[in-house]
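Please read it alongside the sequence and coordinates shown here.

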Amino acid sequence: MKVLVATFLLIGILFHLSESARFTEEDYRGFRQKCAKILQSSTGTVEKVEQKNFHVDSEEMNCLIRCVGIISGFYDDETGTNWDLVREQLNEKEGFEEHRQATTACMEALPAEELASGVCRKSYLSFRCAMKSAKEHIRDKS
C-alpha cells in the first residue's frame, strides 16, 4: 500500500513539474527585465523588446536577446539552440520538426563572417531565424 501511495505521489510531482516547466508570458517578461538590468540597456531598447519589436539590429539588442536566451535556457554560446527545451515549450503546437529544420537551414545559409562577428550577433541571428521559422511552421494542434 505504501509503495502505491509513493508511486502516485511521485507521478503527481512529476506531472506538476512538467506542467510548470512551460514558460508563461510573465516568465519571459522577467527574463527580459533581468537582462535589461544586468546589461544596463537603454530605455528605448527595453521599450522595443517589451513591444516585441526585435527588428532593431543593434549591439545592445543583440546582447539583450542573447542574455534572454541564456538565462531562459533556450540558447548557449557553445551548443546554440536548446531544441529539447523548444520542443517542450511547443508541446501543445504542431510543426516542431519543420521549425527546427528551417531554423537550422536559415543559420547555415548565413555568411560565416556574419556568424563569427561576435557572440551577441550570432545569438541574435539565431533568434531571428527561429522567429521567422516559427511564424511559418508552428501552429495550434487541430
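A residue is called buried when its relative accessible area is under 20%, exposed when that area is over 50%, and partly exposed in between. The model under discussion is predicted. Across the whole structure, a search finds 14 salt bridges. Side chains of opposite charge can pair when their charged atoms come close.

**The pair R32 and E25**

- R32 and E25 join their side chains in a salt bridge, with an N to O distance of 3.1 Å.
- R32 has a relative accessible area of 8%; because the limit for burial is under 20%, R32 is classed as buried.
- E25, in contrast, is partly exposed, its relative accessibility being 33%.
- Both residues belong to a network of salt bridges that links E25, E26, R29, R32, E50 and K52.

**The pair R121 and D57**

- A salt bridge also connects R121 with D57, and their closest N and O atoms lie 2.6 Å apart.
- This pair links distant parts of the chain: R121 belongs to helix α8 (residues 119-137), while D57 sits in the loop between α3 (43-50) and α4 (59-72), 64 residues apart.
- R121 is buried at a relative accessible area of 17%, whereas D57, at 45% relative accessibility, counts as partly exposed.

**The pair R22 and E92**

- In the salt bridge between R22 and E92, the closest N and O atoms are 4.0 Å apart.

**Packing of α6 against α8**

- Helix α6 (residues 96-109) packs with α8 at an angle of about 140°, and the two axes are 8 Å apart.
- An angle over 145 degrees would count as roughly antiparallel; α6 and α8 are therefore oblique to each other.
- The crossing that α6 and α8 make is right-handed.
- On the α6 side, the contact is formed by E98, H99, A102, T103, C106 and M107.
- On the α8 side, the contributing residues are K122, L125, S126, C129, A130, S133, A134 and H137.
- By residue class, the contact of α6 with α8 comprises seven nonpolar, five polar and two charged residues.

Methods. Residues numbered from 1 in each chain as written. Predicted model: local features only at pLDDT ≥ 70, side-chain atom pairs only at ≥ 80, totals over all residues. Heavy atoms only, no water. Buried < 20%, exposed > 50% of the residue type's maximum accessible area, 1.4 Å probe, protein only. Helix = DSSP H or I, 4+ residues; strand = E, 2+ residues; numbered from the N terminus. Axes fitted to C-alpha atoms, helices over the stretch in contact; angles between N-to-C directions. Parallel < 35°, antiparallel > 145°, perpendicular 65-115°, else oblique. Left-handed = near helix turned anticlockwise from the far one by under 90°. Contact = heavy atoms within 4.5 Å. Nonpolar A, V, L, I, M, F, W, Y, C, P; charged D, E, K, R; others polar.
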